[in-house]
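Have a look at the fold first, then follow the headings below.

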Amino acid sequence: MSPASSPTSRRVWWGAWGVFAASAVGIALFSVAPYLTGDPSQSKIPIDPEAGLHFFYVTAHALPGSLLLLLGPAQFVPALRSRYPKVHRVVGRVYMVSVVLAAVAAVLSATFSMSGISAQVAFYLLAAAWVYSLVKAFLAIRRGQVRLHRVWMIRNYALSFAAVLLRAFLGIGLAVRAQFAWPEFADIYTTAVWASILVSAGVAEWFIVQRTLAPRDRPRPGAGSRPAAPAGTGR
Ligand code: HEM
């Protein structure tokens, strides 16, 4: 993700990045806190009393989930990547391991979730897309395909960021409910889960097209109607 070129658009760019990073860090710290206590009564979601390990699964999901949310934003800053490539690599590995741990624990948490089948299906699909995009990003960088790696990591982190949007949408839903005594909490939760996934994935695709594909496709002066050159691996 390279910052825009004019001073104004650079300011807008860094402002947007700041909001994005601050919300990721804020939600990571805020949502992990109850699970650091080891006390199931502190859980923000209902824990199935019949399933002995339910709270453990949610905790095992929330800890690496919060860590990777914290680590992600800096990985997209070009200056940090080029100045400290070793740090980028080490942080990238920690991020990847965290996604795998958080995804496995997410599947287990979803299995015991008391939030209903619609939210459970959303969580399963999200976990699958999360791991798939991670594997694609990993394979791309192993082959030296830096641009492709970046595209898949944008997709992957957007899915991580769904956790931030979920809490924002839940907050909006609960504010509406406090005002109108409607809708039911379960409907707010399920809607927030699906909306957070769709909005995160949609914005990521828009971003990839706008910043990665569109600039490459802009007609060059004098290029006429010649077909575009095949895309290389790019660095
Ligand atoms: C993107 C893939 C993710 C999937 C598939 C996923 C899945 C889940 C599932 C199934 C639950 C249990 C929900 C329920 O029973 O209703 C849960 C809860 C939770 N998740 Fe995730 N999650 C993801 C990402 C994240 C991330 C990046 C974080 C980082 C903050 C996170 C933090 C939490 C926390 C703290 C809870 C406990 C509920 C709460 O206190 O709000 N999750 N997640």
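## The overall fold

Keep in mind that this is a predicted model. The C-alpha trace spans about 70 × 40 × 30 Å along its principal axes.

How much of the chain counts as buried? The figure is 26% of the 235 residues. As for who touches whom, take the contacts between residues at least 6 apart in sequence: 66% of them join residues at least 24 apart.

The unreviewed UniProt entry places the feature "transmembrane region" at residues 12-35, 55-74, 94-115, 121-141, 153-176 and 188-209. Two of these spans can be set against the model. Residues 12-35 are 100% helix and 0% strand, with the end C-alpha atoms 36 Å apart. Residues 55-74 are likewise 100% helix and 0% strand, and there the end C-alpha atoms sit 31 Å apart.

## Helix 1 and what follows it

Helix 1 has 30 residues and reaches 43 Å from its first C-alpha to its last, which is close to the 44 Å expected at 1.5 Å a residue. Its buried residues are Ala 24, Ile 27, Ala 28 and Tyr 35. Which elements do the buried residues of helix 1 pack against? The partners are helix 2 and helix 6.

Just after helix 1 comes Gly 38, with a positive phi of about 75°. Gly 38 is 16 residues away from His 54 in sequence, and the two are 12 Å apart in space, C-alpha to C-alpha.

His 54 sits in helix 2. Is His 54 buried or exposed? His 54 counts as buried because 22 C-beta neighbours lie inside 10 Å, and the cut-off for buried is 20 or more. Setting aside neighbours within four places in sequence, His 54 is in contact with Ile 47, Asp 48 and Phe 112.

Arg 150, found in helix 6, is also a buried residue, because it has 22 other C-beta atoms within 10 Å. Arg 150 and Lys 44 are 106 residues apart in sequence and 34 Å apart in space, C-alpha to C-alpha.

## Around the ligand

Lys 44 turns up again at the ligand. There are 26 residues around the ligand, and Lys 44, Gly 65, Ser 113, Ser 115 and Ala 163 come nearest. The elements that give two or more residues to this shell are helix 1 (7-36), helix 2 (54-75), helix 4 (85-112), helix 5 (117-142) and helix 6 (146-180). Helix 2 has the largest share, with 6 residues.

What is the make-up of the shell by class? It has 17 nonpolar, 8 polar and 1 charged residues.

## The nonpolar core

The largest nonpolar core holds 43 residues, and Leu 126, Phe 161 and Ala 162 touch the most other members. The elements that give two or more residues to this core are helix 1, helix 2, helix 4, helix 5, helix 6 and helix 7 (185-217). Helix 6 gives the most, with 14 residues.

Ala 162 is worth a click in the viewer. Apart from neighbours within four places in sequence, Ala 162 is in contact with Leu 126, Ser 196, Ile 197 and Ser 200.

## The loop between helix 6 and helix 7

Two backbone details come up in this stretch. Ala 181 lies in the loop between helix 6 and helix 7, and its phi is near 55°, a positive value in a residue other than glycine. Ala 181 counts as exposed because it has 7 other C-beta atoms within 10 Å, where the cut-off for exposed is 12 or fewer.

Where is Pro 183 placed? Pro 183 is also in the loop between helix 6 and helix 7. A cis peptide bond joins Trp 182 and Pro 183, with omega at about -5°.

How values were computed
Residues are numbered from 1 along each chain as its sequence is written. This is a predicted model: local features need pLDDT of at least 70, side-chain atom pairs count only at pLDDT 80 or more; totals for chains, interfaces and linings use all residues. A residue is near a molecule or strand if its C-beta atom, placed from the backbone, lies within 6 Å of it. Helices (H or I, at least four residues) and strands (E, at least two) are DSSP runs, numbered from the N terminus. Ala, Val, Leu, Ile, Met, Phe, Trp, Tyr, Cys and Pro count as nonpolar, Asp, Glu, Lys and Arg as charged, and the others, Gly among them, as polar. UniProt positions are given in the numbering used here, feature names are shortened, and annotations may be inferred rather than shown by experiment. Two residues are in contact if their C-beta atoms, placed from the backbone, lie within 7 Å. The expected span of a helix is 1.5 Å times one less than its number of residues. A nonpolar core is a set of buried Ala, Val, Leu, Ile, Met, Phe, Trp, Tyr and Cys residues joined through C-beta atoms within 7 Å.
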